[in-house]
Every structure is written in C-alpha cells, then in structure tokens.
Amino acid sequence: MARVPVGYRLRECRRKRGITQAALAAEIGISASYLNLIEHGKREVAGRLLNRLAAALDLDLADLTGAEASRLVQDLTEISADPLVQDLGIDQAGAQEIVGRQPEWGRALVRLHRSYHRASALSEMLSDRLTHDATLLQASHELLTRMTSVRSFAEILSEHDELDPGRRRRFTALLAEESGKLGAIAKALFERLSDFGDSGRPSTPAEEVDDFIIDRQNYFPELEGAAEKIGHTRGGLAAWLAHRHGVSVVPASFDHAAPRGLYDRDARLFHAPAAMAPSTLRFQLARIAIMLEDTGTIRSLAEDPRLTTQEARERAVGALYSYGAGALLFPYDAFREAAERVRYDVDSLAGLFGGSIEQICHRLVTLRRPEAEGVPFAFMRVDPAGNISKRFSLPALQLPRYGGACPLWPVYGALRNPGSVLTQRVRLPDGREFLFIARVTTKPAAAFGAPAETHSILIACDAAAARRVVYGDATAGPPLETGINCHLCPRPGCPQRAFPSILAAQAGP
Amino acid sequence: MRPLVLIAEDEPYIVESLTFLIERAGLEVSVARDGALALQAIRNLRPAAVILDIMLPEESGLEVLRHVKGNPVLRATPILVLTARGQENDRRMALALGADAFVTKPFSNRDVVEQTLALVGRSDRPAQGPPR
C-alpha cells in the first residue's frame, strides 16, 4: 500500500532551496543525524515537527504530507499491475522512490498511462461504431474501394512494362485521381472519428477534478469563508434567496429531464420537481446561494493548472458550488462540534442539520481544517453496477482509480442489504487497519415509471480513530482481510478474486 | 473461344483494372454493374467463373450468391467473392452460401488472377461462350 515518502520530499525541497541538512536541523531544533534519518524514510515525521519543517522550508503542508505524492504512488502501483507491463518485473517499492525523487517523471507516467487507457477505450468504441455506424461504414467502403484501385493500378504500372503509352498514361492518370480521392476520404474519415472523442487529452475531466480536490485534501478555506459570510439565512434559504437575489422557487413541469431541478439564471427561477426530497431542495438552493454570492473566488480556484480543459474547469466549478453548499448548510465549527458529540453518527447529524445521508458523509470528508480537524474519512460512492462515481482517498487509503475495488468491501455488501448500515474493520495487505461504514441511499423516482437513483456509500477512517466513531462500537472480532483491488492484493485463496495479483506474481523464493 | 469471366462490380476503375488483368491472363470478360444485372448475365452467359463484389447495388453480392448456389442449374458456376478487410461476417456468410474462393480488398492483382484461373480450370463449363 502507498506510504507517503515524506522524507524524500523533504530532502528534495531542502536541496532545491540550497539549505544544508545541518542548517535546517539547527533552525528547527533537531540534530542533523535525526534529520538525515527522517529524510531517508527511517523515521516517521508528523505533527508539530512536520509543521516546523514545512514552515522552515516555506512549504505547503499538503505538499509535504504528500496528498498528491501518495496518490501518485498509488497510481504508479496500479500502473505496474497493468497486463501491458507485468512481465517487466517492476519493483513496487520503486514507485515511492520515483515520487520522492522525481515526481515529474511519476506524473508523466500516470499521464501517459491514462492517455493509453483512453486510446484503448476509444479504439474499442470506434471498432464498435465502425460495425454499426452507417456513415462510417460507407466511408470505410469508399476508402477500401479507392485503396483497391490505387493498389491495382500501381501494380499494373510496375509489373507490366509492355503497356502501350496510351494505356500507361490512362492508368497513371487514374492512379493520381484515385489517390487524390483516397486522401480526401481519409481526411473526412478522421474528422468523423475525431468527433467521437478528443483523444489528445491525458485524462478525463472527471479525473482531473478528482485530482484537484484530493490534492487540496478536500478542504477549501476560501469556500468555508464564503459560506460563513452568508451565515445564517433567516427564515430559510428560499426566503433569503427571494429577498436578497429575487430568486423564486417554482414547481417544475419536466421532472424526468432534471431530477435535481433546474436553475434558470436569466429568469432567476428554480424549477423544483414535486418529488424532490426536502434535503435535496435545500442543497440545491444552497448551491444557488453560493453561486450568486461568489465574487470570483470559485472561478479563480478553477484556474488551477491541474484542470487542463474548459470542461474540467466547468466541472470543478460545479464541484466547488456543491462544496460551498455543504459549507453553508453544515457550518464548519457547529458541524464538527456536533460530529464529535454524537461520535460521527451520520443519522444523528442528518437529523440535527436536516441533511441527506450522502450530504452528511460528504461534509465529514471535508473536516480537514488545520488545528480543528475532524476524524479524517475517505469516501467512495458506487452504483449497483459497481461503477465508482465519487472517490476521496486518504493518504494511507488510496481508493482505486481504474476498475472496481475489493469485492469484499462492505460498500458492495450494502447493495445486498439496503436499509442496513454495514460496519466492518478491515486489514489491508500492508497491515494497516481501517473502519469501513457502508449503506445504500436511494433517491425516489421523480414520477411513476421514472428510474430511482440508488448508490452505495462508503466512508472509512483509520482504525486508530474507531473509538471516536460510534460505528467502531459495533465491530468485534478480528478484522476482515481485504485488499484495495485484486491486482494490488496478494492474498491467496480469496473466493472473490477476479484478476491475478501482481504482488503474488512477484513474490520470489 | 476463350473462357468467359463475369466481373460483377460497380466501381468503374476497379472494373477497368480487373478487365485489363483478366484479359491479359487470356480470358474473355463481361461486366455487370449491379446485382440484378449480374444474375441476368450468369443465367444468360453461363460464365466459366464470376468475380463477385459483395457490396453491389440492387441485389447485394450475397443475394446473387444465394440465388446462384440455390439454383440447381447455375450452382456449379464457380464464384470468387471480393470482400472488404474487417467484414468478417460477410465472409462467413458467403462461405455458408457456397462461395468458392475469396479475395480481400485491397487485393493484390496476382491473387485475383491466380484464383480466377484456378476457378476457370475447375469449371465444368466448356471453354466457349454462351449456349446458343
């Protein structure tokens, strides 16, 4: 499992700034030899000492604790599980060293791998399209026809020296004409194919937004500040929006089209479906409030270099509006204080703050304010088909980016037990233990015949924090031995194994 | 008289190159530009072999093949089917319908000529023109 190479990062930062080990050690009040041990990963570093080191090197703490670094290590480890490179015998531990010493090479590898994945998916999709798309079928027929005549005339010209000059001229002219057509068809075909996907991007907009949020440790002080500035909305959000921004809530007449309602910016109308849960309505109104009160902070946050396309930036803006809505409905200090008091009981918090289960779980993940941190939670959301549609990792618990997670995780079991909260202590192959809490949430269908929305939600915290969490009380007995996913799990004899493990394959004598 | 080969193909330039090649190989050529005309020509001219493109207008190459191989009188006519690369289904279907040989576009001239000559050699039709 990915271990954060803090020492390597420290050493690199110190060297880049031209500070000697002795000088840095003296500045923060430890011995040079101790610093040396830290830098070589022989001693763990955390807490105040880490804060002092970060301050001395003028570093963002997130940079040092390596939220991005441990994500990179996990991504690289997953890449080494790809069948394409499995025969190379890649040393898993090397991922940490690459990230510690040459993070840009790590980023390059991840970017290339994502690009390769997208290209593979695109080619599969295109081959599917080629066999079903009438336009493509016609174009490929044209292409083959021209290629056939070009090849045939070219062979005739090269193999039949006895051709009379008139015929030679005719065939040469036909060859030129058909070659010209071939070029035009190929161009048209490529243009048509490029409509199906922009294969030049290294990752999907959703992946970029995930990276952006995870690298910020799911905490945006700017948005917490903006939400606090709005503060308590006297008389409720709907009344506040009407009074301050002239926004009205009207019943929607197109439930099927927009289950979360639709905000008409120009008319300042929010069309709310009749079947919308009160918690969802409140959340949507809070998003509108954040959007209308924002003075450019959110747009400037979305200018982050990790977001490389307009689509990714738009998506990030949407995610940040939702973050702001959570901050507005569940104010940081009050929410964290209540969470500690009820020991992170999601149902109690939902009752206290009037939020949905998913909103509450989401907000728990963002309680990462330095000096006022809640229990750090990872978060994952899967649909009944197993697709992961939201994921926030912890540095020590990096959720899989490609494919599904370990099938033994309760997030899947919960789908078989809707209505129950499943709690499970799990031990990962590296020995780290976590408390997993999973449950199914269902948003009702907007109308008869419309599909309901079902997800299974997992939150997970370090087992060391389990006693601060009410769900920790429910777990007795030894932890369940699991992995992150099959590729990264060496456990033999697992009945749910879907793919061979690269770790098992590497285990030598 | 030289054995007759029917070229059933709607692309004029492919017809032109095939005609040149087949004539150079010492055979007679007749051309049909669509499936319906091809069927008519097979019935009337009784060629020694047919080069049949699978993507023909009116009646597709597969339809022509189905008619010919389902007809006790015409069944023995050897048919070389021109398929396109990647259209494996067409190839399987043609095989099931009784095609005698395949060449994949873009083909090599030598392939087409050799296969056609082999089919003409196998043909039980006398080396002569249509029945009188």
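Two exercises on a predicted model follow, each with a worked solution.

Residues are numbered from 1 along each chain as its sequence is written, while chains are lettered from A and ligands numbered from 1 in the order in which they are written. In this predicted model, local features need pLDDT of at least 70 and side-chain atom pairs count only at pLDDT 80 or more, whereas totals for chains, interfaces and linings use all residues.

**Exercise 1.** Describe the largest nonpolar core and find where it lies.

*Solution.* Begin with the term: a nonpolar core is a set of buried Ala, Val, Leu, Ile, Met, Phe, Trp, Tyr and Cys residues joined through C-beta atoms within 7 Å, and a residue is buried if 20 or more other C-beta atoms, placed from the backbone, lie within 10 Å of its own. The largest such core has 86 residues, and A:A378, A:I459 and A:A460 have the most contacts inside it. Its largest share, 9 residues, comes from helix 16 (residues 310-329) of chain A, a helix being a DSSP run (H or I) of at least four residues. Because domain 3 (203-354) and domain 4 (375-509) of chain A, with bounds from an automatic or database domain assignment, both give residues to this core, it lies between them.

**Exercise 2.** Describe the side of chain B that touches chain A.

*Solution.* Count residues in contact (C-beta atoms, placed from the backbone, within 7 Å): 13 come from chain B and 13 from chain A. On the chain B side, helix 1 (residues 12-24) gives the largest share, 4 residues. Finally, sort this side by residue type: 7 are nonpolar, 3 polar and 3 charged, where Asp, Glu, Lys and Arg count as charged, Ala, Val, Leu, Ile, Met, Phe, Trp, Tyr, Cys and Pro as nonpolar, and the others as polar.

Note on methods. Buried ≥ 20, exposed ≤ 12 C-beta atoms within 10 Å, placed from the backbone. Helix = DSSP H or I, 4+ residues; strand = E, 2+ residues; numbered from the N terminus. Contact = placed C-beta atoms within 7 Å.
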